[in-house]
Amino acid sequence: MAREKKRAIIAGNWKMNKTPSETTALINELKPLVENADCDVIVCVPFVSISAAVEAVKGSNIKVGAQNCHWEQSGAFTGEISAQMLCETGVEYVIIGHSERRQYFGETNKTVNKRMRAALAADLNVIVCVGETLEQRESGVTEEILSEQVKIAFCGIEPSDFDKITVAYEPVWAIGTGKTATSEQANAACAHIRDCIVELYNLRLANDIRIQYGGSMNAANAQQLLDEPDINGGLIGGAALKAADFAKIVEVASAN
Ligand code: PGA
């Protein structure tokens, strides 16, 4: 199905990189490079760098996101941060269910759902990540895995929350590996995610939701990926740590 192009959403996932002072420096470098962007520009920074980021983006078109949040408002959860706490720092976005959290920190589809519901209840915008491993792709179960991840992540999510949700399709085998999914592979997976939303909700919500691709997206391959009809943006790791590279992706997304 031919889809109309939506305003793109380009988010940097800085992962465990950049101290507060380094955050200020990178954002100051980035600001003039993306000031005329015709797409949403977000930087998702480490918790301790949020204040520096919120301060640095003031007066600019860049929004700040976090990389995780807990599902409870407060309590005995050592090392965790609640969605309410994030709101008070001035964060507007949060990444939920990144594959590194699934892989290294015991995140499951169920906890992704709990975190997503808490973030939406706190009025945060959510970037919810899904994606298959290499083993799953090679054994032909990519669609099945994506369907299950989407179905459980969206359990109990109201249609009225959809304007705050972006899905990021991130094939695990393409993250940080330099191996990008081909634009056809990426688009097919994003189209499948949209079909899951049709099944769970309806065609209108499925058409309206923005789906990002993530996994070794960079200045050189962004155009081809963003040209695909079902890809509405990017979640960018490595290339988001260099202002010029990230700005180039923003430029491509703006021109699309
Ligand atoms: P990458 O990371 O661009 O470095 O592959 C993407 C991500 O993990 O969000």
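**Reading the parallel strands**

Guide: Strand β3 (residues 62-66) is mostly covered, with 4 of its 5 residues buried. Keep in mind that this is a predicted model.

Visitor: What counts as buried?

Guide: Buried means under 20% relative accessible area. By that cut-off, 4 of the 5 residues of β3 qualify.

Visitor: Which strand do 4 bridges join to β3?

Guide: Strand β2 (residues 40-44), and the two run parallel.

Visitor: In which sense do β3 and β4 pair, and over how many bridges?

Guide: In the parallel sense, over 2 bridges. Ala-66 faces Val-94 in β4 there, standing opposite. Helix α3 (residues 83-89) carries the chain from β3 to β4, again in a right-handed β-α-β crossover.

Visitor: Now β5. Why is strand β5 (residues 125-130) largely enclosed by the rest of the structure?

Guide: Count the buried residues: 6 of the 6 are buried, so β5 is largely enclosed. Then check the faces. Asn-125, Ile-127 and Cys-129 are buried on one side. Val-126, Val-128 and Val-130 are buried on the other.

Visitor: Which strands pair with β5?

Guide: Strand β4 (residues 93-96) pairs with β5 in the parallel sense over 4 bridges. Tyr-93 has Asn-125 as its bridge partner in β5. Strand β6 (residues 165-169) also pairs with β5 in the parallel sense, over 5 bridges. Here the bridge partner of Cys-129 is Ala-168 in β6.

Notes: Residues numbered from 1 in each chain as written. Predicted model: local features only at pLDDT ≥ 70, side-chain atom pairs only at ≥ 80, totals over all residues. Heavy atoms only, no water. Buried < 20%, exposed > 50% of the residue type's maximum accessible area, 1.4 Å probe, protein only. Pairing = 2+ DSSP bridges. Right-handed = clockwise from strand over helix to strand, strands pointing away.
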